[in-house]
Amino acid sequence: MSKQNNTNLIILVVEDIQETREGIERLLMADGYRIALARDERDGIESAQRQRPDLILVSLAGLPHEVIMSARRIRENAAIGEDVPVVVFCVGEIAQGDEIAIGENVHVTRPDNFNQLRSLLARLLHKIPRAA
């Protein structure tokens, strides 16, 4: 993956565990993305409003349905619209149809490892033309 293709793309990482948040940040920065960090839902809303990210990664502790509802509230309260993909990265099974609770253009996944997550983010981000 080429870093120069990613330098204008901002990923907002909403993660409540500091070590995991920092690990995801390092991983995605190595791929050339610009990273905004948030430690909880409220911080995620404020950061999304301020940063206007190209993609939001929500990786909070809790049951999958709770994490999905947090992602939905971030999307709604930050007023980012449906064109920004939201990826929910959580442990546990995601009930069929839960992704609809976040928004129409949302991608929910349960990657087994970070390389799988990186591939998913790259696929989603490079489908979206960045406004000049």
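Visitor: How many helices and strands does the protein chain have?
Guide: The protein chain has 4 helices and 5 strands. Helices (H or I, at least four residues) and strands (E, at least two) are DSSP runs, numbered from the N terminus. Starting at that end, the elements run β-α-β-α-β-α-β-β-α. Please keep in mind that this is a predicted model, where local features need pLDDT of at least 70 and side-chain atom pairs count only at pLDDT 80 or more, while totals for chains, interfaces and linings use all residues. Residues are numbered from 1 along each chain as its sequence is written, and side-chain values use heavy atoms, with hydrogens and water left out.

Visitor: Why is Ser-47 called buried?
Guide: Buried means under 20% relative accessible area, exposed over 50%, and partly exposed in between (1.4 Å probe, protein chains only). Ser-47 has a relative accessible area of 2%, so Ser-47 is buried. This residue lies in helix α2. Ser-47 touches Leu-12, Ala-36, Leu-37 and Arg-52, not counting residues up to four places away in sequence; contact means heavy atoms within 4.5 Å. Across the protein chain, 43% of the 132 residues count as buried.

Visitor: What is the span of helix α3, and what span is expected?
Guide: Helix α3 covers residues 64–78, which is 15 residues, and reaches 21 Å from its first C-alpha to its last. The expected span is 1.5 Å times one less than the number of residues. For α3 that expected value is 21 Å, and the helix comes close to it.

Visitor: Why do the buried residues of α3 line one face?
Guide: Among the buried residues of α3 are Val-67, Ile-68, Ala-71 and Ile-74. Seen down the axis of α3, its buried residues fall within an arc of 155°, so they line one face of the helix. The arc is that of the directions from the helix axis to the C-beta atoms. Their cover includes β1 (10–15), α2 (41–51), β3 (55–59) and β4 (86–89).

Visitor: What makes β3 and β4 a pair?
Guide: Two strands pair if DSSP finds at least two bridges between them. β3 and β4 have 3 bridges, in the parallel sense, and Leu-57 stands opposite Val-87 in β4. The chain crosses from β3 through α3 to β4, and this β-α-β crossover is right-handed. That word applies if, with the strands pointing away from the viewer, the path from the first strand over the helix to the second runs clockwise.
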